[in-house]
2 protein chains.
Amino acid sequence: MTPRESSGTGCTSEADPPRIHIHDPTLRDGHHAVRHRLGREQLRGYAAAADAAGIPVVEVGHGNGLGASSLQVGRAALSDASMLEAVREALTTSRMGVFLLPGWGTSSDLRQAIALGADVVRVGTHCTEGDLAERHLDFLRDAEVEAHAVLLMSHMAAPERLAEECLRLVGFGASAVGIFDSSGHYLPPDVSERVAAITAAVDVPVIFHAHNNLGMAVANSVAAVRAGARIIDGCARGFGAGAGNAQLEVVVPVLERLGYATGVDLYRLLDAADFAERELMPAPPTIDSVAVVSGLSGVFSGFKTRVLDIAGREGVDPRDVFFELGRRQAVAGQEDLIVEVAEELRRSSGPPSTPVAAVPGGAP
Amino acid sequence: MTPRESSGTGCTSEADPPRIHIHDPTLRDGHHAVRHRLGREQLRGYAAAADAAGIPVVEVGHGNGLGASSLQVGRAALSDASMLEAVREALTTSRMGVFLLPGWGTSSDLRQAIALGADVVRVGTHCTEGDLAERHLDFLRDAEVEAHAVLLMSHMAAPERLAEECLRLVGFGASAVGIFDSSGHYLPPDVSERVAAITAAVDVPVIFHAHNNLGMAVANSVAAVRAGARIIDGCARGFGAGAGNAQLEVVVPVLERLGYATGVDLYRLLDAADFAERELMPAPPTIDSVAVVSGLSGVFSGFKTRVLDIAGREGVDPRDVFFELGRRQAVAGQEDLIVEVAEELRRSSGPPSTPVAAVPGGAP
C-alpha cells in the first residue's frame, strides 16, 4: 500500500507504514445515546464482532465510566461487573478497556475492573485538571494494565497548556496520553497544532478522540495521526454522545488508504458496524441543529435537554443560550449557569451579535 | 471575523475575506433519497426557508435533472414545470437553479425551465465527456441565465485531464465549471490537487460538490475552497444520494469560522435544515456499510440495490462486487457489468486480495 498524502509529516516512504492503534469505545461512549441501557447480549455480540475484526481494544462501561451509574447521570441496565464479564467472555484477541472519571469512579472500582480482566484503563479529567488523575494513575502503577490518561473538553486549553498537562500525566505513570474533543468543536488545524505540541512534549503514544458535531470527526482523526497521534478512537456507526464519534468503519479504511497500518480486517469491521446499527442503536447518530450549535459554541452536547427546556420556559432562543454558555466556558457540572444565562437573555431580549465568530477557547 | 487557519493558501489576512457562493441542491439531489417524490408544499416550504437564510441558489428538480422523470430512474411526483413553479413563487432573493444531464434533458426542457424563471442552469457530464455539454451550453449562450458545467465521477480522471475538460467547457460558454465527487471517493488531498489544477487552468469560478461516503464531505469542501473553489454545494442535513452530500448547515459555519464569507444567516439556515429534516426526509442520511464500500471502490452508490440483489442471487459478497466494479471503472448505465462480475466471482470463489488498496482512478 502506497502512502497517498500530497504532503504530511506523519506518513513517509519508510518501509513499514506507521502503526495506528485503534481504540473502540462503542460500548462505553455509545451508552450515552441509549441512556446506558445496553444489555448482556448486545455487549457480548458487539464485542465478539469487534474481536473478529481484530480491533485492538474494546472499551465497555457506563458512558461516564466505572462507578457512574446513578440517578444523576442515568442508571445503567447492568452493573459494571456484569458489563465487564459479558465483554470479557466474548474477546479472544482484543484487549478490554475501561474508562474512569475521578469523582465517579474509585480505586475499588478500578480494582474490581482489573480483577474482571480489564487490560487498558483510561482516566479522564477536564483538560486543565490532570492533577485529579494522579491518585488513580499511582494506583495503576503496580497493576498489570496499560494506563491511559486523557484530557476532556480539550478545546478549552491552548496547545502549550495541553502539552504541559500531558507531560505531568506521563510523570504520574500514564503510558499513553491525549485529548478528547468532547464538544466536537475542532477543525483540523486546531487538532494539528494541539497534537503536535503534545507529541513534541511526551515520549509515549498520543491519543485522539473525536466528536462529529462539525462533520470533521474523520478529518480531525486524520489530522491527529499526521501530527503524531498513534492511538485513535472510533465507534461503530459513530455511536456516541450527541453527533457521535469518529465512525470506526470509516476512519479505519481512510487511514489505511493514506498509508497507515491498523491491522483491522475491513470486511469483519463492516460486519461489526452492521451488527451495531442493527442491535445497539435506534438509529445512527446524525448532526442535528443543536449538535451544530454545540460544536460551534464549544459546549458539551449533554446540555441539550436542559437548554431546550429552560430556553423554552424563558422564551429565548436555545441557540443564544448555547453561544453564551460557550462564552462563559461552561463545563459539565455547571448546569446552573443555563438558568442564569437564559434569564439574562430574556431580560436583555436582543440576541448576541456574532454567534459564529466569537467562540472562546477554540482559537489559540 | 478573523481567519483561524494555522496555514493555508486560500485564506489570508486581506481585508475582505474571500466570498464563497453557496449552491443548494437539496431539492434536486435530495430527490434521490425519496424516489423523486417531493410534493409542492415540501418544495415551496424548503425554498422559502432557504430564501430566508440568504442561500444564493436553490436548485430544484428530479434527481437526474430536467426531463429525467421516467420508469427507468423513477417517476417524479410532479412535472418539471410544477416543481419550478412551486420553488419560483417561494423565492424572493435566492436565485433558482436547475440541473441537466444530456441524454435525459433536451433543449426544449431548458427552454421551458428558463421561461419558468430558472436563473442558473447546470449541465453535467461524465468527467471525460465534457463534449456532450457543448450543444446545451451553446444554446444557453443567448439565454439570460448563468450556465454552469460540471464533471461527474471526477475521481476517475487525473487532475490535468479535469483541468483540460474544464477549459474546454469554458470555451463552450460555461461561466462556472467544476467537479462532483459522485461516489464520495475523495480524501482532502485528492480534492486539493484537482481543484488547484482546474483553478490554474480557467478564469471562471470553480465548483465543488461532495458526497459523504468516507465522512469527508465537509473537509473536502474546505479543501476545495482552500485550493481555489468559489462555488460550494451543500444540502440541508446532507439530504442526497447514498451517504448524502456536504451538510449545508455545517459547511457554511465551518467556512465562516475559517474566515470565508458566505452571506448566509446561521440561525435561519439551521431553521431551514430543521424544516428539511422534519418535512422532506424519513431520516437524515447516514454512512452505512454499502456507502463506505461504494466510496472506497469509487462506484456510484446508485448501484446498491442491484448489487445487493445480484450478489445475493449468486451467493457472493456484495462488497467484492463493488470493489471489482471499481477496478473495472464501472459507471452509471453499465449495470450489466454487475451480473458479469457477480458470476465471475462465484466461479472463481476467492475474494479479491486487497479490497482497500486497489482502487483504480482515485490515485494520481
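This is a predicted model: local features need pLDDT of at least 70, side-chain atom pairs count only at pLDDT 80 or more; totals for chains, interfaces and linings use all residues.
User: How do the strands of chain A close up, and in what order?
Analyst: In chain A, 8 strands close into a barrel in the order β1-β2-β3-β4-β5-β6-β7-β8, with parallel pairing, where strands pair if DSSP finds at least two bridges between them, and the twist averages 25° from one strand to the next. Residues are numbered from 1 along each chain as its sequence is written, and chains are lettered from A and ligands numbered from 1 in the order in which they are written.

User: How many bridges join β5 and β6 there?
Analyst: Strand β5 (residues 146-152) of chain A pairs with strand β6 (residues 176-180) of chain A over 4 bridges in the parallel sense, and Leu151(A) has Ile179(A) in β6(A) as its bridge partner. Strands (E, at least two residues) and helices (H or I, at least four residues) are DSSP runs, numbered from the N terminus.

User: Switching to chain B, at what angle do α8 and α9 pack?
Analyst: Helix α8 (residues 217-226) of chain B and helix α9 (residues 248-257) of chain B pack at about 45°, their axes 10 Å apart, the axes being lines fitted to C-alpha atoms, for helices over the stretch in contact, with angles from 0 to 180 degrees between N-to-C directions. α8(B) is therefore oblique to α9(B), given that angles under 35 degrees count as roughly parallel, over 145 as roughly antiparallel, 65 to 115 as roughly perpendicular and the rest as oblique.

User: Which residues make that contact?
Analyst: On α8(B) they are Val218(B), Ser221(B), Val222(B) and Val225(B), and on α9(B) Val250(B), Val251(B), Val254(B) and Leu255(B), contact meaning heavy atoms within 4.5 Å.

User: And how do α12 and α14 of chain B cross?
Analyst: The axes of helix α12 (residues 304-314) of chain B and helix α14 (residues 336-348) of chain B cross at roughly 30° and come within 9 Å, so α12(B) and α14(B) are roughly parallel to each other.

Definitions and conventions
Side-chain values use heavy atoms; hydrogens and water are left out.
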